[in-house]
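Here are a few exercises to work through with the model open on your screen. Try each task before you read the solution under it.

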Amino acid sequence: MVFASFEFLFLFLPPFFAVYFLTPFRYRNWVILIFSWAFYAWWRVDFLALLIAVTVFTFTIARLMDAAGPQSPRAKTLMIAGLIGNLGVLAYFKYANFGVATFNQLVGAMGLGAVGWAEIVLPIGLSFYVLQSVSYLVDVRRGEVPVSRSFLNYAAYKAIFSQLIAGPIVRYAEIGEELKQRHHSLRQFGIGSRTFMIGFAMKVAIADTLSPLVDAAFALAQPTLVDGWLAAIVYTLQLYFDFAGYSLMAIGLARMIGFSFPPNFDNPYLAGSIQDFWQRWHLTLSRFLRDYLYIPLGGNRAGPRRTYVNLMLVMTIGGLWHGSSWNFILWGVWHGGLLGLHRWWSRRRPRGAPGMPFASGNALTMLAVLIGWVLFRAKDLDGALTVYAGMLGLHGTGLSDALAWQVTPDRLWFVPLAAALVYLPLLPKRVGRWAIPVPAGGLLANGALGIAAWTLAPFVGFALATVLLYSRDAVPFLYFQF
Amino acid sequence: MTSITQHSIRITSPALYGVRAWSERLQGALAIGLLALGAWQGLAALTAPAAQHRLAQVLDGSSILAGRTAAAVNFVEAHYLPADGVLRAAGGVARWGIFRSGGPQVAVGCNDWLYLTDELRPWPDASAHMQARADTLSRIAGQLAARNIGLVVTLVPDKARIEAATRCGTPRSAQADARYAAFMDLLKTRAIPAVDLAAPMTAARQDGPVFYRTDTHWNQRGAAMMADVVAKAAMTAAPEIGDAGFRFRTDRAEAPTQGPGDMLRLMSLDQVPDLAVKLRPSPDLQNLEQTVQVEAPAETGGLLDDAPGGGVVLLGSSFSLNGNFHGRLQEALHTPVGNFAEAGGGFASSARTYFKGGAFADTPPKLVIWEIPERVVGQPLDAADRALAEGW
């Protein structure tokens, strides 16, 4: 089941909230668990068994670690077994196809016969809930989180439907207390629903409107200069509004039932450098990579050379986490290289020397990010090279016929609208020489009309998105594939 | 910084904080109301008779495991909500009202002229598809000739070609621009008799529209003029159909009524009212024409002689069902024409149905007029196209 569907909005959410709020608090985690498992099983009943198995396995390992003493050698062995179990599941479902295909290509090149293999379907959300397991086991081992003694609480944590299939990657430590006691109020519900509706509008009204244009542009056999840049720019916007919108929906839904999930985005396209970008994009993944990979590898404490190697390694693994293809690996390498370059450049700058102006830094960063997104979106390496060839003007310059008919007015309007929304947060700041006065408190401080607009704007966006959703086919969330 | 993704506005004033708290409570209350409304819509959709029929077929273990039940519920919720009409219309109004967009299937020109995007876009492998269709026509023409049955192909040009002046910048692909001539050339090289309607329609357009504004088809004026052109070509191809002595008369309704407006339907705007505030392109208005037979020849000959008329059959698409083309064709030919055209029939559907049917086997015609819309000839072959290509 996806958030942007009517069975979710009309058949799942109302009974969930009704049952949840009519149930005494001590049973509410049961409500979360049962509804979340039903939510997951809606897609594939058999993969619910995998989720339950991973949950039971990780819970049991953690309890055994706790019984042995989290700092004991036995706990370390258990943790390694737990990590191998979880990552083994991920490796099998996510990377076996890629591994066998690559192996077959190699043996094919040597003139040997290919290995027979039936394609494995990736269970939705697996990449996310395996990372949760990893963080939980490591945190228990480090003593950063007390082990959960309640299977119900742990299973509910893993299963909360709002974050189950595409994050944010919530750590047990962040909501462990809320699983035992949390606050509910009409105001909380309002804040959550407001957040959900804004995310819904971002996803359905903006990202999904741009989706056909992106699909068409990336399908062109010989994109022109305009086609290539249009493909890259529109996908850059689509991906952000899709994933950030989804994250807001997840955060909002959790807030409605009293959970405070960590933010997943912080205006990433306003980054002034590539390092800044990674401190704003998919925050819960970035900090996972930092805390469970980069720092254990030595981070920047083992000398400059090792730091660059660590950066490259972490970003490559991060790329591979997104999908089992060379595109994702190269995308990770690209960002690893950019982060290394940025670090090297920053170290060369004399202490106290002025940094690059925001506009230049942001333009350069966005160019680098956009080039990376082409790898991220293209079906395969050839597809990415085709778009790059277009961006270089190797197939002509003007908008091609094959794309022109897809550039409908609504899609065309949403491109500058989406770009304007990306840069909207700059308004209260001084931009260059101009200062645009915005009162503290934003719209709320602008009298009755401002209050009404602040209150009703999410509903207007939600209503527009709902009618658009009903009058066209649903577009799946882009991050579901990961 | 005010963030659009986190919505965290730093509030320092206690008064503003209070306002915000009340606003958020109000939002919570409104959200509860929306959830209740949604629950009613969702449950009502499940109980609709059409939904019940669909769901009854997938309420078993294997369907649940295979995801068919989920897919059926998904379909039901996306199609049978009590607010279905309102939601679709609102989507159409939003797209057209805010962005002047017709959605994925309709391109908006100026002065409320609408065009099918199928007529504007290039199709992958269009050349191969056109050749395959021309080959099918060639084979069928040969088979008909072997039975002494004439064939006249009438290629109806795209509205986007003839009514180009009101496209007002809506781009049309070079492939689409070249399509009519390319397909006519393919017919010519295969010696298939074909009527060029593009030239007379372009000429007729000088004196007024020959297509509806909000519909894909020719209007009554365009249909009448093209019926004359087709009739002349038919009588040249099969002189034996001659003047069988039938007479027809076309009556016009005195009061204007709305035209067909299939593109308003594609834009989900067909049920939208026309108010002082314009919510949709103005529908076409027309004095509806109807052609009736007013005179039939006296019975001649013996019991076993051919009955007069009945020797002409019209195959094709919705063009043959719109604008009173069929009536005007009978009037121009002075003979009844069996109309086997199918709405949405594209290139092959009506031909396949007719050639496989009893009407063709029992009472073969003297002449087949096969109307084909230009916009379909470059499209990928569908099941009917492939089946007809293999034989009827």
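Helices here are DSSP runs of H or I with at least four residues, strands are E runs of at least two, and both are numbered from the N terminus. Keep in mind that you're looking at a predicted model.

**Exercise 1.** Find the cis peptide bond in chain A and say where its proline is found.

Solution. A:P168 is in the loop that runs between α7 (161–164) and α8 (172–180) of chain A.

**Exercise 2.** Work out which parts of chain A are tied together by the salt bridge of A:R171.

Solution. Start with the partner: A:R171 pairs with A:D291, and their closest N and O atoms are 2.5 Å apart. The cut-off for a salt bridge is 4 Å, so the pair counts. Next, locate both ends. A:R171 belongs to the loop between α7 and α8 of chain A, while A:D291 is in helix α12 (residues 283–294), so the bridge ties together parts 120 residues apart in sequence. As for the whole structure, a search over all chains turns up 29 salt bridges.

**Exercise 3.** Describe the interface of chain B and chain A.

Solution. First, count residues: 64 from chain B are in contact with 61 from chain A. Then take the area. The two chains bury about 5300 Å² between them, with 72% of it on carbon and sulfur atoms. Now look for polar links: 10 residue pairs are in polar contact across the interface, and the rule finds one salt bridge there. That bridge joins the side chains of B:E24 and A:R187, at 2.6 Å from N to O.

Which helix of chain B gives the most to the side that touches chain A? It's α1(B), with 23 residues. By class, that side of chain B has 34 nonpolar, 19 polar and 11 charged residues.

**Exercise 4.** Decide how α1(A) and α4(B) are oriented to each other.

Solution. Helix α1 (residues 6–22) of chain A packs against α4(B) at an angle of about 95°, and the axes are 9 Å apart. Angles of 65 to 115 degrees count as roughly perpendicular, so that's what these two helices are. Who makes the contact? Sorted by class, that gives four nonpolar, one polar and two charged residues.

**Exercise 5.** Find where B:R100 is located and check its phi.

Solution. B:R100 is in the loop between α5 and β1 (106–108) of chain B. Its phi is positive, about 55°, although B:R100 is not a glycine.

Note on methods: Residues are numbered from 1 along each chain as its sequence is written. Chains are lettered from A and ligands numbered from 1 in the order in which they are written. This is a predicted model: local features need pLDDT of at least 70, side-chain atom pairs count only at pLDDT 80 or more; totals for chains, interfaces and linings use all residues. Side-chain values use heavy atoms; hydrogens and water are left out. Contact means heavy atoms within 4.5 Å. Buried area is the accessible area (1.4 Å probe) that two parts lose on being put together, summed over both. A polar contact is a pair of N or O atoms within 3.5 Å; within protein, one must be able to donate a hydrogen and the other to accept it, and residues adjacent in sequence count only if both atoms are side-chain atoms. Ala, Val, Leu, Ile, Met, Phe, Trp, Tyr, Cys and Pro count as nonpolar, Asp, Glu, Lys and Arg as charged, and the others, Gly among them, as polar. Axes are lines fitted to C-alpha atoms, for helices over the stretch in contact, and angles run from 0 to 180 degrees between N-to-C directions. Angles under 35 degrees count as roughly parallel, over 145 as roughly antiparallel, 65 to 115 as roughly perpendicular and the rest as oblique.
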